[in-house]
Amino acid sequence: MRIAVTYDKENIFQHFGHTEQFKLYDVEDGKITNAEVVGTNGQGHGALAGFLKEAGADILICGGIGEGAKTALTNAGIKLYGGAAGNADAAVQAYLKGELAFNPDVKCSHHGHSHEPGHSCGTHSCADKN
């Protein structure tokens, strides 16, 4: 199994469509056997589902995510655990233990490509600097 996490400075990046890196974890028998950080090569939003499919991801752990991206991930056969926050490695360990805190109804409510003040991307407001 391969788990992908939106990644920035050891933490789960909070806006799927703008993530510049994923940390990919290979898991066998419930244990991480390899982990690597990969760049998205400037791809964003809908293209990221294809990027993850090509990378062999089975699961995505992320913060905020829009409906279009959720649909693209579903169509790619990638299971989503959105609305997660904190350290990426700790989130994967929590997932493996069945203890990952996530929001199955996570939404990113903005429709443009900029971070307008007041919209919500999962666990933060993009008016906040995090």
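Let me begin with T40, which sits in the loop between β4 and α1, residues 47-54, where helices are DSSP runs of H or I with at least four residues and strands are runs of E with at least two, numbered from the N terminus. What we are looking at is a predicted model, in which local features need pLDDT of at least 70 and side-chain atom pairs count only at pLDDT 80 or more, while totals for chains, interfaces and linings use all residues. Residues are numbered from 1 along each chain as its sequence is written, and side-chain values use heavy atoms, with hydrogens and water left out.

Is T40 buried or exposed? T40 counts as buried, because its relative accessibility is 3%, and buried means under 20% relative accessible area, exposed over 50% and partly exposed in between, with a 1.4 Å probe and protein chains only. Leaving aside neighbours within four places in sequence, T40 is in contact (heavy atoms within 4.5 Å) with T19, E20, Q21, F22, L48 and F51. A polar atom of the T40 side chain also lies 3.4 Å from the backbone oxygen of T19.

Now to helix α3, residues 88-96, whose buried residues are A88, A91, V92, A94 and Y95. They cover an arc of only 160° around the axis, which puts them on the same side of α3; the arc is that of the directions from the helix axis to the C-beta atoms. Those buried residues pack against several strands, including β1 (2-8), β3 (21-28) and β4 (31-39). At the N-terminal end, N87 caps α3, with a side-chain oxygen 3.0 Å from the backbone nitrogen of D89, and just after α3, G98 takes a positive phi of about 75°.

Notes: Polar contact = N/O pair within 3.5 Å; in protein donor to acceptor, adjacent residues only side chain to side chain.
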